Amino acid sequence: MKLDLTALLKNETDVIDISFEFEEMEIDYYGEIIEFKEPVKVSGSAKRISDEFFLEVEINVSITTHCARCLKEVSKPLSIKTFDELLPVSKENQIEQDENVFFYERHHIDLLAYSREQLLVNLPYKTVCREDCAGICTRCGRNLNVESCSCDHAVAEEDELDPRLAQLSEWFQKAKE
Ligand SMILES: [Zn+2]
Ligand SMILES: [Zn+2]
């Protein structure tokens, strides 16, 4: 999906609308497979504001993966909004890496490459089926959303204790002795 910016760059129009879909293949994201069971929808526009050019895009997709705590399959909508300045590729060396800029070459931008990159950098690192998902007992493997178990979870929780709090509880222990 290449977008021709000629009309915009030559001041023949102020805005070029964008609307397209593409199929994305599953991604192995830090060992977690993320699937896209429906096409990725992209909408927005390339436009002129004052004498500068911008690309404003909204990417909508449903991602399917597994809950990081209980491993159940979950599908979640993901909506990404972007806003980047459009500059000629000849300026690429003058721009800081972290600026919100996308470059056009010979009056064209590669919208598919742009959208795929935006999707990749905005994927959630961890997905949970619900905020209060109790997860799976690390001792007996029971799904704690469905049933409870009698394992001692205190040790596991202590491992996750904030180091500053751990120090404090150690101090209290010593004070008691
Ligand atoms: Zn879960
Ligand atoms: Zn258990």
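**Notebook: core and one histidine**

I looked up the largest nonpolar core, which holds 18 residues; Ile59, Leu86 and Ile109 touch the most other members. The largest share, 6 residues, comes from β6. I keep in mind that this is a predicted model.

Next entry: isoleucine 59. I set aside its neighbours within four places in sequence and listed the remaining contacts of isoleucine 59: Val40, Val42, Ile80, Ser115, Gln118 and Leu119.

Then I stepped back to the whole protein. I counted 4 helices and 9 strands. Read from the N terminus on, the order of elements is β-α-β-β-β-β-β-β-β-β-α-α-α. I noted that buried residues make up 12% of the 177 residues. For contacts, I took pairs at least 6 apart in sequence; 52% of these contacts join residues at least 24 apart.

Last entry: histidine 153. Where does histidine 153 sit? I found histidine 153 in the loop between α2 (111-121) and α3 (154-159). I also asked how many other C-beta atoms lie within 10 Å of histidine 153. The count is 13, so histidine 153 is partly exposed; a residue is exposed at 12 or fewer and buried at 20 or more. I finished with a distance: from histidine 153 to threonine 138 is 8.6 Å, C-alpha to C-alpha. In sequence, histidine 153 and threonine 138 are 15 residues apart.

How values were computed. Residues are numbered from 1 along each chain as its sequence is written. Chains are lettered from A and ligands numbered from 1 in the order in which they are written. This is a predicted model: local features need pLDDT of at least 70, side-chain atom pairs count only at pLDDT 80 or more; totals for chains, interfaces and linings use all residues. Helices (H or I, at least four residues) and strands (E, at least two) are DSSP runs, numbered from the N terminus. A nonpolar core is a set of buried Ala, Val, Leu, Ile, Met, Phe, Trp, Tyr and Cys residues joined through C-beta atoms within 7 Å. Two residues are in contact if their C-beta atoms, placed from the backbone, lie within 7 Å.
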